[in-house]
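This briefing concerns a single protein chain.

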Amino acid sequence: MHLGPEEARGYLKTFRARYNRREDREVWFFPPAVSVEAAAQATRERGDLVVGAQDIYWEPKGAFTGAISAPLALQAGARATLVGHSERRHLFGETDADTRRKVAAALSAGLVPMLCVGETLAERDAGHTAAVVVRQLAGALGGLDGAALSRVVVAYEPVWAIGTGRNATPADAAAVHREIRGWLRGRGAPEPRILYGGSVNARNAAELLAERELDGVLVGGASLDPDGWAQLVQTAAA
(Lines give C-alpha, C1' and ligand atoms only; values in the text may rest on other atoms or scores of the structure.)
Protein backbone atom coordinates (compact mmCIF):
# COMPACT_ATOMS: atom_id res chain seq x y z
CA MET A 1 0.00 0.00 0.00
CA HIS A 2 2.31 2.70 -1.35
CA LEU A 3 1.90 5.58 -3.83
CA GLY A 4 -1.45 7.13 -4.62
CA PRO A 5 -2.20 8.39 -8.14
CA GLU A 6 -0.30 11.67 -7.93
CA GLU A 7 2.67 9.99 -6.24
CA ALA A 8 2.66 7.28 -8.91
CA ARG A 9 2.86 9.91 -11.66
CA GLY A 10 5.82 11.57 -9.97
CA TYR A 11 7.49 8.23 -9.38
CA LEU A 12 7.25 7.22 -13.02
CA LYS A 13 8.40 10.61 -14.24
CA THR A 14 11.56 10.19 -12.16
CA PHE A 15 12.03 6.58 -13.20
CA ARG A 16 11.68 7.34 -16.90
CA ALA A 17 14.26 10.11 -16.62
CA ARG A 18 16.75 7.76 -14.93
CA TYR A 19 16.23 4.53 -16.89
CA ASN A 20 17.66 4.13 -20.38
CA ARG A 21 15.25 2.03 -22.40
CA ARG A 22 16.37 -1.45 -23.41
CA GLU A 23 14.46 -3.03 -26.31
CA ASP A 24 15.18 -6.53 -25.00
CA ARG A 25 13.90 -5.83 -21.47
CA GLU A 26 10.54 -5.08 -19.89
CA VAL A 27 9.95 -3.38 -16.54
CA TRP A 28 6.64 -4.15 -14.86
CA PHE A 29 4.94 -2.04 -12.19
CA PHE A 30 2.19 -3.26 -9.85
CA PRO A 31 0.79 -0.20 -8.04
CA PRO A 32 -2.25 -0.21 -5.74
CA ALA A 33 -5.58 -0.44 -7.57
CA VAL A 34 -6.28 3.27 -7.07
CA SER A 35 -3.09 4.13 -8.98
CA VAL A 36 -3.28 1.67 -11.89
CA GLU A 37 -4.86 4.17 -14.27
CA ALA A 38 -2.41 6.95 -13.37
CA ALA A 39 0.54 4.59 -13.81
CA ALA A 40 -0.80 3.29 -17.12
CA GLN A 41 -1.20 6.83 -18.43
CA ALA A 42 2.32 7.71 -17.32
CA THR A 43 3.75 4.76 -19.29
CA ARG A 44 1.43 4.66 -22.30
CA GLU A 45 4.14 5.79 -24.76
CA ARG A 46 6.59 3.15 -23.55
CA GLY A 47 5.97 -0.38 -24.75
CA ASP A 48 8.75 -1.65 -22.50
CA LEU A 49 6.96 -0.46 -19.34
CA VAL A 50 4.02 -2.61 -18.27
CA VAL A 51 1.48 -1.80 -15.54
CA GLY A 52 -0.38 -4.52 -13.69
CA ALA A 53 -2.80 -4.97 -10.81
CA GLN A 54 -1.69 -6.41 -7.47
CA ASP A 55 -4.74 -8.67 -7.32
CA ILE A 56 -8.06 -9.36 -9.01
CA TYR A 57 -11.26 -11.16 -8.11
CA TRP A 58 -12.41 -13.97 -10.38
CA GLU A 59 -15.94 -12.75 -11.11
CA PRO A 60 -16.16 -10.27 -14.03
CA LYS A 61 -18.82 -8.12 -12.33
CA GLY A 62 -21.35 -8.18 -9.52
CA ALA A 63 -22.00 -7.33 -5.89
CA PHE A 64 -18.51 -8.01 -4.49
CA THR A 65 -17.87 -4.79 -2.59
CA GLY A 66 -14.20 -3.81 -2.53
CA ALA A 67 -13.13 -6.32 -5.18
CA ILE A 68 -11.50 -5.48 -8.53
CA SER A 69 -12.34 -7.66 -11.52
CA ALA A 70 -10.01 -8.43 -14.40
CA PRO A 71 -12.13 -6.42 -16.89
CA LEU A 72 -12.06 -3.40 -14.54
CA ALA A 73 -8.29 -3.65 -14.19
CA LEU A 74 -8.00 -3.88 -17.97
CA GLN A 75 -10.16 -0.76 -18.41
CA ALA A 76 -7.87 1.10 -16.02
CA GLY A 77 -4.88 0.26 -18.21
CA ALA A 78 -3.49 -2.88 -16.58
CA ARG A 79 -1.91 -5.42 -18.88
CA ALA A 80 -1.07 -7.95 -16.17
CA THR A 81 -1.96 -9.01 -12.66
CA LEU A 82 -0.28 -10.74 -9.77
CA VAL A 83 -2.01 -13.93 -8.65
CA GLY A 84 -1.32 -15.79 -5.42
CA HIS A 85 1.27 -13.42 -4.00
CA SER A 86 2.53 -14.79 -0.67
CA GLU A 87 0.83 -11.97 1.22
CA ARG A 88 -2.49 -12.84 -0.42
CA ARG A 89 -2.00 -16.48 0.52
CA HIS A 90 -0.73 -16.04 4.08
CA LEU A 91 -2.41 -12.82 5.24
CA PHE A 92 -5.72 -13.15 3.39
CA GLY A 93 -6.10 -16.92 3.23
CA GLU A 94 -6.05 -17.27 -0.53
CA THR A 95 -6.14 -20.94 -1.57
CA ASP A 96 -4.81 -22.81 -4.57
CA ALA A 97 -8.40 -23.06 -5.79
CA ASP A 98 -8.69 -19.27 -5.60
CA THR A 99 -5.53 -18.87 -7.67
CA ARG A 100 -6.95 -21.20 -10.31
CA ARG A 101 -10.08 -19.03 -10.64
CA LYS A 102 -8.01 -15.84 -10.77
CA VAL A 103 -5.65 -17.17 -13.43
CA ALA A 104 -8.63 -18.20 -15.54
CA ALA A 105 -10.26 -14.78 -15.08
CA ALA A 106 -7.06 -12.98 -16.04
CA LEU A 107 -6.57 -15.05 -19.17
CA SER A 108 -10.21 -14.62 -20.17
CA ALA A 109 -9.93 -10.83 -19.87
CA GLY A 110 -6.63 -10.64 -21.76
CA LEU A 111 -4.39 -9.93 -18.77
CA VAL A 112 -1.07 -11.69 -18.22
CA PRO A 113 -1.26 -13.56 -14.92
CA MET A 114 1.95 -13.58 -12.89
CA LEU A 115 1.48 -16.57 -10.62
CA CYS A 116 3.51 -16.44 -7.40
CA VAL A 117 4.59 -19.73 -5.79
CA GLY A 118 6.91 -20.52 -2.91
CA GLU A 119 7.43 -22.35 0.35
CA THR A 120 7.55 -21.29 3.99
CA LEU A 121 10.66 -21.78 6.15
CA ALA A 122 9.11 -24.82 7.85
CA GLU A 123 8.35 -26.39 4.48
CA ARG A 124 11.88 -25.66 3.26
CA ASP A 125 13.49 -27.11 6.38
CA ALA A 126 11.36 -30.22 5.99
CA GLY A 127 12.63 -30.70 2.45
CA HIS A 128 9.22 -30.03 0.89
CA THR A 129 10.12 -27.11 -1.39
CA ALA A 130 9.57 -28.96 -4.67
CA ALA A 131 6.36 -30.61 -3.48
CA VAL A 132 4.88 -27.29 -2.33
CA VAL A 133 5.79 -25.47 -5.54
CA VAL A 134 4.43 -28.26 -7.75
CA ARG A 135 1.21 -28.36 -5.70
CA GLN A 136 0.75 -24.62 -6.17
CA LEU A 137 1.48 -24.86 -9.90
CA ALA A 138 -0.98 -27.73 -10.34
CA GLY A 139 -3.59 -25.97 -8.21
CA ALA A 140 -3.48 -22.81 -10.29
CA LEU A 141 -2.57 -24.05 -13.76
CA GLY A 142 -3.63 -27.68 -13.95
CA GLY A 143 -5.82 -28.32 -16.97
CA LEU A 144 -4.59 -25.36 -19.02
CA ASP A 145 -3.28 -26.18 -22.48
CA GLY A 146 0.13 -25.16 -23.75
CA ALA A 147 -1.12 -22.00 -25.44
CA ALA A 148 -2.66 -20.73 -22.20
CA LEU A 149 0.36 -21.75 -20.13
CA SER A 150 2.61 -19.81 -22.51
CA ARG A 151 0.76 -16.63 -21.51
CA VAL A 152 1.46 -17.16 -17.80
CA VAL A 153 4.52 -15.80 -16.00
CA VAL A 154 5.59 -17.62 -12.83
CA ALA A 155 7.41 -15.93 -9.94
CA TYR A 156 9.18 -18.12 -7.40
CA GLU A 157 9.09 -16.23 -4.11
CA PRO A 158 10.24 -18.29 -1.13
CA VAL A 159 8.16 -16.97 1.77
CA TRP A 160 11.10 -17.23 4.17
CA ALA A 161 13.09 -14.75 2.04
CA ILE A 162 10.49 -11.99 1.69
CA GLY A 163 11.31 -8.87 3.67
CA THR A 164 13.73 -10.77 5.90
CA GLY A 165 17.01 -9.73 4.34
CA ARG A 166 17.61 -13.40 3.54
CA ASN A 167 17.42 -14.66 0.00
CA ALA A 168 18.00 -17.90 -1.81
CA THR A 169 21.39 -18.20 -3.40
CA PRO A 170 21.43 -18.13 -7.20
CA ALA A 171 22.02 -21.88 -7.15
CA ASP A 172 19.10 -22.46 -4.73
CA ALA A 173 16.79 -20.36 -6.89
CA ALA A 174 17.98 -22.04 -10.08
CA ALA A 175 17.15 -25.49 -8.72
CA VAL A 176 13.54 -24.48 -8.06
CA HIS A 177 13.31 -22.65 -11.39
CA ARG A 178 14.40 -25.82 -13.18
CA GLU A 179 11.62 -27.71 -11.40
CA ILE A 180 9.06 -25.10 -12.45
CA ARG A 181 10.39 -24.93 -16.01
CA GLY A 182 10.26 -28.69 -16.36
CA TRP A 183 6.67 -28.78 -15.08
CA LEU A 184 5.56 -26.10 -17.54
CA ARG A 185 7.43 -27.52 -20.51
CA GLY A 186 6.02 -30.94 -19.79
CA ARG A 187 2.56 -29.45 -20.25
CA GLY A 188 3.22 -27.68 -23.53
CA ALA A 189 4.78 -24.31 -22.61
CA PRO A 190 8.13 -24.42 -24.47
CA GLU A 191 9.58 -21.08 -23.31
CA PRO A 192 8.15 -20.20 -19.88
CA ARG A 193 9.21 -16.99 -18.13
CA ILE A 194 10.16 -17.54 -14.49
CA LEU A 195 11.15 -14.77 -12.09
CA TYR A 196 12.72 -14.85 -8.64
CA GLY A 197 11.38 -12.76 -5.76
CA GLY A 198 12.59 -12.56 -2.19
CA SER A 199 14.67 -9.73 -0.70
CA VAL A 200 16.03 -8.74 -4.12
CA ASN A 201 17.99 -5.49 -3.94
CA ALA A 202 20.69 -3.50 -5.72
CA ARG A 203 23.40 -5.57 -4.06
CA ASN A 204 22.24 -9.00 -5.19
CA ALA A 205 20.16 -8.44 -8.36
CA ALA A 206 23.05 -8.75 -10.82
CA GLU A 207 24.37 -11.89 -9.10
CA LEU A 208 20.93 -13.50 -9.17
CA LEU A 209 20.33 -12.63 -12.81
CA ALA A 210 23.73 -13.97 -13.82
CA GLU A 211 22.13 -17.37 -13.17
CA ARG A 212 20.67 -18.37 -16.55
CA GLU A 213 17.63 -20.07 -15.04
CA LEU A 214 16.34 -16.71 -13.74
CA ASP A 215 14.47 -14.75 -16.42
CA GLY A 216 13.90 -11.74 -14.17
CA VAL A 217 13.20 -10.64 -10.62
CA LEU A 218 10.07 -9.66 -8.69
CA VAL A 219 11.05 -6.84 -6.34
CA GLY A 220 9.17 -5.39 -3.38
CA GLY A 221 10.65 -2.88 -0.95
CA ALA A 222 13.71 -2.11 -3.08
CA SER A 223 11.43 -0.75 -5.81
CA LEU A 224 9.79 1.97 -3.71
CA ASP A 225 12.41 4.65 -4.44
CA PRO A 226 12.36 5.52 -8.16
CA ASP A 227 16.03 6.55 -8.27
CA GLY A 228 17.22 3.39 -6.56
CA TRP A 229 14.83 1.26 -8.60
CA ALA A 230 16.05 2.77 -11.87
CA GLN A 231 19.63 2.04 -10.83
CA LEU A 232 18.75 -1.55 -9.92
CA VAL A 233 17.00 -2.07 -13.25
CA GLN A 234 19.88 -0.53 -15.19
CA THR A 235 22.30 -2.89 -13.45
CA ALA A 236 20.06 -5.92 -13.91
CA ALA A 237 19.34 -5.15 -17.57
CA ALA A 238 23.06 -5.11 -18.33
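Arg88 is placed over the face of Phe92, 4.1 Å from the ring centre; a charge counts as over a ring if NZ of Lys or CZ of Arg is within 6 Å of the ring centre and within 35 degrees of the ring normal. The model is predicted, so local features need pLDDT of at least 70 and side-chain atom pairs count only at pLDDT 80 or more, while totals for chains, interfaces and linings use all residues. Residues are numbered from 1 along each chain as its sequence is written, and side-chain values use heavy atoms, with hydrogens and water left out.

**Charges and aromatic rings**

- Arg101 likewise lies over the face of a ring, that of Trp58, at 4.4 Å from the ring centre.
- Seven aromatic pairs are counted, the rule being that rings of Phe, Tyr and Trp (its six-membered ring) pair if their centres lie within 6.5 Å, with planes under 30 degrees apart counted as stacked, over 60 as edge-to-face and the rest as tilted.
- One of these pairs is formed by Trp28 and Phe30, which are tilted, with 6.2 Å centre to centre and 50° between the planes.
- Trp28 and Phe30 are both buried, where buried means under 20% relative accessible area, exposed over 50%, and partly exposed in between (1.4 Å probe, protein chains only).
- Tyr156 and Tyr196 also form a tilted pair, at 6.1 Å centre to centre and 55° between the planes.
- Because Tyr156 belongs to strand β5 (residues 153-156) and Tyr196 to strand β6, this pair ties together parts that are 40 residues apart in sequence.
- Tyr156 and Tyr196 are each buried.
- Tyr11, Phe15, Tyr19 and Phe29 make up one aromatic cluster.

- Arg46 is located in the loop between α2 (36-42) and β2 (49-53); helices (H or I, at least four residues) and strands (E, at least two) are DSSP runs, numbered from the N terminus.
- With a relative accessible area of 10%, Arg46 is buried.
- The Arg46 side chain makes a polar contact of 2.8 Å with the side chain of Asp48; such a contact is a pair of N or O atoms within 3.5 Å, where within protein one must be able to donate a hydrogen and the other to accept it, and residues adjacent in sequence count only if both atoms are side-chain atoms.
- Leaving aside residues up to four places away in sequence, Arg46 touches Arg16, Tyr19 and Arg21, contact meaning heavy atoms within 4.5 Å.

**Positive phi values**

- Most residues other than glycine have a negative phi.
- Leu3, in the segment before α1 (5-18), has a positive phi near 70°.
- The relative accessible area of Leu3 is 28%, so this residue is partly exposed.
- Ser199 has a positive phi of about 55° and is found in the loop between β6 (193-197) and α10 (205-209).
- Ser199 is buried, its relative accessible area being 17%.

**The chain as a whole**

- The chain contains eleven helices and seven strands.
- Its radius of gyration is 17 Å, close to the 18 Å that the globule rule gives for 238 residues, so the chain is as compact as a globular protein of that length; the radius is taken over C-alpha atoms, and the rule is 2.2 Å times the number of residues to the power 0.38.
- Of the 238 residues in the chain, 47% are buried.
- Among contacts with a separation of 6 or more, 69% involve residues 24 or more positions apart.
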